[in-house]
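This report describes the overall form of a protein chain and then the surroundings of one residue.

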Amino acid sequence: MPKLLLRTELFLVKNFDWQNTPHRTPLHVAAMCGHLDQVPLEFLTKETLSVLDKYGGTPLHEAAASGHADRIPIEVLTPELLSIPEKLYGNTVLHYLAYRNQRSLLPSERITDQMLSLENYNGETPQKILEHLSDYHSWLKASRRERATDQQKEKLWLVGYVWQGEITKGQASDALTQRATQ
């Protein structure tokens, strides 16, 4: 769409859902689909990026929760916008980035210790989430090195997978996933 036809007001209007309830702005939809980087910067303002959708989330929450935080222009990532809690669970953009282990997408100078210690409604902070993910990944790596279970071996046999010697849980899981996609 030609830039001269765009106005800030267009980015503030919510579409309606099937119940005829105001739902999301065009920026929410762009964020969900990974297209925030295609919106002209002059329309990515505090006003347009802090509009709450039907569930109480901003376009930045939507982008981070949908796995498209890498499409958010760095210029708009202010501490104020990153610290807005969404209404449903109280998560900030940093919470969603922590859940996806994508905190590294943000320049460290844009993140304060105070932002990392903001609690959601479950009492989780982005810092705690990152620590739990680190523990989980360590456990997962160790678990994948263990011997495959009898149940995994039986499933491998049923799908016609042949292995020689000992097989690990990780190898068995990968082989079953590969067979399922085939």
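The sections below cover the model, the fold, the surface and one residue.

## Basis of the model

This is a predicted model, in which local features need pLDDT of at least 70 and side-chain atom pairs count only at pLDDT 80 or more, while totals for chains, interfaces and linings use all residues. Residues are numbered from 1 along each chain as its sequence is written, and side-chain values use heavy atoms, with hydrogens and water left out.

## Fold and dimensions

The chain contains nine helices and zero strands; helices are DSSP runs of H or I with at least four residues, and strands are runs of E with at least two.

The radius of gyration of the chain, taken over C-alpha atoms, is 22 Å, whereas a compact globule of 182 residues would have a value near 16 Å. That globule value follows a rule of 2.2 Å times the number of residues to the power 0.38. Along the principal axes, the C-alpha atoms fill a box of roughly 65 × 40 × 30 Å.

## Burial

Of the 182 residues in the chain, 35% are buried, a term for under 20% relative accessible area with a 1.4 Å probe, protein chains only.

## Surroundings of Thr25

Thr25 lies in the segment before α1 (26-32). Thr25 counts as buried because its relative accessibility is 0%. Not counting residues up to four places away in sequence, Thr25 touches Phe11, Leu12, Val13, Lys14, Val51 and Pro59, where contact means heavy atoms within 4.5 Å.

Key: Buried means under 20% relative accessible area, exposed over 50%, partly exposed in between (1.4 Å probe, protein chains only).
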